[in-house]
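Q: I'd like to learn to read a protein model one feature at a time. Please start with an idea I'll need later.

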Amino acid sequence: MKDNSVKKLTLAGILSAFAVIGSLISFPIFGSKCAPVQHFVNIIAAVFLGPWYALGIAFVSSLLRNLLSLGTVLAFPGSIFGAFIAGLVFKKTKNIILTCFGESFGTGIIGALFAYPLARLFFGKMAGDIAFYSYIIPFLISTIVGSVIAGVIILGLEKSKIVNLHLE
């Protein structure tokens with residue numbers, strides 16, 4: 001049991017570091033910084049570690065990105081909701097495509113809507129008003145790119161029998 005926990009924590013640390021380093025790969029969309037590597041990591045964590053680890057990894061990597069000035073406070077809603085929902089979806093369905101949709105919905109819709117009050121609080125009323133209308137599309141673009149990459153890699157690993165996740 002202890003050995004399994006150490007392996008999970010090690011993988012969580014590696015995924016957190018990968019998300020932080022991967023945030024250097026980003027592109028601007030409508031005033032938002034889209035970082036698809038975070039969403040890739042969210043799905044990998046959701047599949048291999050579960051919803052709580054995925055949530056923790058998303059939180060830690062968002063915190064580190066902010067501390068290192070590699071992201072904004074919008075990294076939190078832009079990652080934690082999608083990671084957790086993807087983890088729940090995979091836990092229930094064992095379906096990678098549905099897991100990718102869960103990540104995209106959690107980040108692109110729920111996370112974008114939660115970005116509104118954070119943008120108002122940290123960036124002012126005008127930025128908050130803009131955020132309410134303009135973050136859904138950039139968040140969706142970012143999460144769809146990362147989700148597709150993760151989905152293709154996981155399905156490829158499963159098909160080549162490198163990992164066995166008992167997918168549907």
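A: Start with contact, which means heavy atoms within 4.5 Å. As for the ground rules, you're looking at a predicted model, where local features need pLDDT of at least 70, side-chain atom pairs count only at pLDDT 80 or more, and totals for chains, interfaces and linings use all residues. Residues are numbered from 1 along each chain as its sequence is written, and side-chain values use heavy atoms, with hydrogens and water left out.

Q: Is Ser104 buried or exposed?

A: We go by relative accessible area: under 20% is buried, over 50% is exposed, and in between is partly exposed (1.4 Å probe, protein chains only). Ser104 counts as buried because its relative accessibility is 10%.

Q: Which residues does Gly108 touch, not counting those up to four places away in sequence?

A: Gly108 touches Glu103, Ile136, Phe139, Leu140 and Thr143. Like Ser104, Gly108 lies in helix α5. With a relative accessible area of 0%, Gly108 is buried.

Q: Let's zoom out. How many helices and strands are there in the chain?

A: The chain has seven helices and two strands. Going from the N terminus, the elements run α-β-β-α-α-α-α-α-α. The chain has 168 residues, and 45% of them are buried. Take contacts between residues at least 6 apart in sequence: 66% of these join residues at least 24 apart.

Q: Which residues make the nonpolar surface patch?

A: Patches use residues with over 30% relative accessible area and no salt bridge, joining like charges within 9 Å and nonpolar side chains (Val, Leu, Ile, Met, Phe, Trp, Tyr) within 5 Å. A salt bridge is a side-chain nitrogen of Lys or Arg within 4 Å of a carboxyl oxygen of Asp or Glu. Here Phe59, Val60, Leu63, Leu64, Leu67 and Leu68 make a nonpolar patch of about 540 Å². Val60 is in helix α3, residues 51-67, and Leu64 is found in helix α3 too. Val60 is partly exposed, at 37% relative accessibility, and so is Leu64, at 34%. Leu64 and Ser16 are 48 residues apart in sequence, yet 8.7 Å apart in space, C-alpha to C-alpha.

Q: How many aromatic pairs does the structure hold?

A: To describe a pair of aromatic rings, you give the distance of the centres and the angle of the planes. Rings of Phe, Tyr and Trp (its six-membered ring) pair if their centres lie within 6.5 Å; planes under 30 degrees apart are stacked, over 60 edge-to-face, and the rest tilted. The structure holds four aromatic pairs. One of them is Phe18 with Phe40, an edge-to-face pair at 6.0 Å centre to centre and 65° between the planes. This pair links distant parts of the chain, with Phe18 in helix α1 (residues 2-22) and Phe40 in helix α2 (residues 36-48), 22 residues apart. Phe18 is partly exposed at 41% relative accessibility, whereas Phe40 is buried with a relative accessible area of 15%.

Q: With which side chain does the side chain of Ser79 make a polar contact?

A: A polar contact is a pair of N or O atoms within 3.5 Å; within protein, one must be able to donate a hydrogen and the other to accept it, and residues adjacent in sequence count only if both atoms are side-chain atoms. For Ser79 the partner is the side chain of Ser62, at 2.8 Å. Ser79 is in the loop between α3 and α4, and at 0% relative accessibility it counts as buried. Neighbours within four places aside, Ser79 is in contact with Gln38, Asn42, Ala58, Ser62 and Thr107.

Note on methods
Accessible areas come from the Shrake-Rupley method with a 1.4 Å probe; for residues, only the protein chains shown count as cover. Helices (H or I, at least four residues) and strands (E, at least two) are DSSP runs, numbered from the N terminus.
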